[in-house]
Amino acid sequence: MLNFSQTSVDVDGVQTDVLVQPFADRILVLITQLGKVGNLIQVSMPSTAPLVSSEASESSDPMGLLPTPPVAIQLRSLLGSASSEHLQTLHSLYAAQIATLVWLTEDQALVGSSRRSIIVGIALQKVTNEGGGLNEREKRMFHAIMEALMGMLKQS
């Protein structure tokens, strides 16, 4: 069972706060470098869909640390929006990966119960990105935030 947890980590010299707050019907995860909630995205998946498919057993993460988000994942913007298509894609990546990590932690603790929706709040500092894909700073930030979240989830 997940418990409330909060941590602050330094990511490339930027204080990043990570908060996990479980509720009866959903789980709130906030990632902020700006001290505010930011863009809220609801992540859900049918309870009948497998969390880890046989095709997803090979991680797409080059560091081999992160599980691949399921293809049945559904993202819905609740509040706010990203200021560019690149940021929208980045926020979706964060939301899908965060939900996958939380669900995997929950599935280990609560066998047979229904999967709760995850609400992800993301407020990150703007990073200049000329190329269109993820730049090295965004990749480092993503991995550092996911490592912090995984550490929090293991302690819950």
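The model is predicted, so local features are given only where pLDDT is at least 70 and side-chain atom pairs only at pLDDT 80 or more, while totals for chains, interfaces and linings use all residues. Residues are numbered from 1 along each chain as its sequence is written, and side-chain values use heavy atoms, with hydrogens and water left out.

**Overall fold**

- The protein chain contains two helices and six strands; helices (H or I, at least four residues) and strands (E, at least two) are DSSP runs, numbered from the N terminus.
- The order of these elements along the sequence is β-β-β-β-β-α-β-α.
- Of the 156 residues in the protein chain, 41% are buried, where buried means under 20% relative accessible area, exposed over 50% and partly exposed in between (1.4 Å probe, protein chains only).
- Contact means heavy atoms within 4.5 Å; among contacts in the protein chain between residues at least 6 apart in sequence, 71% join residues at least 24 apart.

- Strand β6 covers residues 117-123, and seven of its seven residues are buried.
- In a regular strand the side chains alternate between the two faces of the sheet.
- In β6, one side carries Ser-117, Ile-119, Gly-121 and Ala-123 and the other Ile-118, Val-120 and Ile-122, and all of these are buried.
- Strand β3 (residues 26-32) runs parallel to β6 and is joined to it by seven bridges; two strands pair if DSSP finds at least two bridges between them.
- Strand β4 (residues 39-44) runs antiparallel to β6, with five bridges.
- Opposite Ile-119 of β6 stands Leu-28, and opposite Val-120 of β6 stands Ile-41.

- Helix α2 (residues 136-155) has 20 residues and should span 28 Å at 1.5 Å a residue, which agrees with the 29 Å between its end C-alpha atoms; the expected span is 1.5 Å times one less than the number of residues.
- At the start of α2, a side-chain oxygen of Asn-135 comes to within 3.1 Å of the backbone nitrogen of Arg-137.
- The buried residues of α2 include Glu-138, Met-141, Phe-142 and His-143.
- The structure holds one aromatic pair.
- The ring centres of Tyr-94 and Phe-142 are 5.0 Å apart and the planes stand at 75 degrees, so this pair is edge-to-face; rings of Phe, Tyr and Trp (its six-membered ring) pair if their centres lie within 6.5 Å, and planes under 30 degrees apart count as stacked, over 60 as edge-to-face and the rest as tilted.
- Tyr-94 belongs to helix α1 (residues 85-109) and Phe-142 to helix α2, 48 residues apart.
- Tyr-94 and Phe-142 are both buried.

**Two buried residues**

- Gln-33 lies in the loop between β3 and β4 and is buried, with a relative accessible area of 10%.
- A polar atom of the Gln-33 side chain lies 2.9 Å from the backbone nitrogen of Gln-125.
- Leu-40 is part of strand β4 and counts as buried at 15% relative accessibility.

Key:
A polar contact is a pair of N or O atoms within 3.5 Å; within protein, one must be able to donate a hydrogen and the other to accept it, and residues adjacent in sequence count only if both atoms are side-chain atoms.
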